[in-house]
Every structure is written in C-alpha cells, then in structure tokens.
Amino acid sequence: GNYSSVVSVTTPPAKVSSVNTAKKSSTYLTLSWKKVSGASGYRVYKYNTKTKAYEKVTTIASGSTTSYKVTGLASATEYQFKVRAYKKAEDGNVWGSSSVVYKESTNPSKTKNLKLSTKSSAVTLSWSKVARSSGYAVYRYDSKTKKYVRIATVKSGKTVTYKDAKLKKGSTKNYKVRAYKTYNGTKYYGAYSDIVSIKVK
C-alpha cells in the first residue's frame, strides 16, 4: 500500500543541572547553570510564597545563554528557583524536566545612619537596624597597616550598638559597619556604611 504521512518527533532536552549563583547583592541574584546540549533556550521560575506555586520569571531564547539576573528582590531573603530547557519543534516547544529546586539568599542591605559618641577613652557606635540581618561586623581604620580591621562581630541583628574602649585620648578614629546574613552556614555581607570619624575624649 501507499506510505503513511511522515511524522517527525522531537525528543525533549535533558534536565538542567548545576544551577548556582554567579553573583548577588541585596536586590538581585544572577543564576547560572550547565548548558544543555541541543536546547533552543531556557525558562527560569521563581517560587511565590503567597500563591505556593512556581511562576515564570523569563524565557531565554538562546541555548548558549546559561545565566540570568533576577532583579527586584528583597534583601536578606531566601528565594527558590527552577530552570528547564526547551527545544523548538514544528508544532511548538518541547520541554525538558525542571532542575532540582535551587535555594539562595540575597545579601543584607547597606548599613545606614552610623553615629559615634565618645567619653572616658571610649567610642560608642550606633546605627540603624538592617532588616532580616543576622548580625553586624564593626571595622576601625588602622593607621599602621592603612587598612580597615574588623574589631568586633555583633551576633544579633537586633543589636545596633557597640562600645570600643581603651582608646588613646586625643586620637582620631574612623569606623564603618556592615550587616551580614548567615545562610547555610556561610556569612553573606551587605554594603559598608559610610565612614564616620571622631576624636576620642
């Protein structure tokens, strides 16, 4: 008999693997992943804690583009992502399996409103609380090394003061502070506060 019509089938691309963080700040996360052979592009999904569902962030129309910058995020907050590849076919896209869920936290925001006061050979620092931070690192300028040296770690995001004692009266001290977020056993830091100087009394 006569041949049937020719039917073509496009197999789906492989599962996306090795999703990771290429770069991040307090407001964005740049995701990266391993290139999937034969893929025409990728789709990135972010979990919505309100709807309890993964929602599309973007569709990337290139199989060789293996990173994407997710912007508009809240500081010091955990997010969950999935990525999957697709292959263009005659009657639409054929989708591969989603990657395993990738979790990551943004950095804390910049520490603001650093203020200094001094008496009795000591300097007391205070600053504004940084939302969702785990704590703060306090730095003082060392005139010998010409570098800022960490002099204290405040292990609570609610504690926004520190007293630097036993200083030489009449000396000028320069300070800066930055918040950190502990996530999966690692400290991730926000931007430094503005530098503030004071003469010790």
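Three strands, in the order β9-β10-β13, make up an open sheet with antiparallel pairing; strands here are DSSP runs of E, at least two residues long, numbered from the N terminus, and two strands pair if DSSP finds at least two bridges between them. β9 (115-119) and β13 (161-164) are the edge strands, each with a single partner, so one side of each has no neighbour in the sheet. From one strand to the next the twist averages 20°, where axes are lines fitted to C-alpha atoms and angles run from 0 to 180 degrees between N-to-C directions. The model is predicted: local features need pLDDT of at least 70 and side-chain atom pairs count only at pLDDT 80 or more, while totals for chains, interfaces and linings use all residues. Residues are numbered from 1 along each chain as its sequence is written, and side-chain values use heavy atoms, with hydrogens and water left out.

Within this sheet, β10 and β13 run antiparallel and are joined by four bridges. T124 stands opposite K163 of β13. Strand β10 covers residues 122-126 and includes A122. A122 has a relative accessible area of 4% and is therefore buried, the term meaning under 20% relative accessible area with a 1.4 Å probe and protein chains only. Leaving aside residues up to four places away in sequence, A122 touches S117, K163, D164, A165, L167, V200 and K201; contact means heavy atoms within 4.5 Å. A122 and K24 are 98 residues apart in sequence and 37 Å apart in space, C-alpha to C-alpha.

Another open sheet of three strands has the order β1-β2-β5, with antiparallel pairing. Its edge strands are β1 (20-24) and β5 (67-70), each pairing on one side only. Neighbouring strands of this sheet are turned by 25° against each other on average, direction ignored. Strand β2 (residues 29-32) pairs with β5 over four bridges in the antiparallel sense, and L29 stands opposite V70 in β5.

The largest pocket has a volume of about 220 Å³. A pocket is an open set of points on a 1 Å grid over the protein atoms alone, where a 1.4 Å probe fits and protein lies on both sides within 12 Å along at least five of seven lines; lining residues have an atom within 4 Å of a point. The lining consists of R140, Y141, D142, S143, K144, V149, I151, L167, T172, K173 and N174. The elements giving two or more residues to this lining are β11 (135-142), β12 (147-154) and β14 (172-183). By class, the lining residues divide into four nonpolar, three polar and four charged.

Notes. Buried < 20%, exposed > 50% of the residue type's maximum accessible area, 1.4 Å probe, protein only. Points joined across faces, edges and corners; volume = space filled by probe spheres on them. Nonpolar A, V, L, I, M, F, W, Y, C, P; charged D, E, K, R; others polar.
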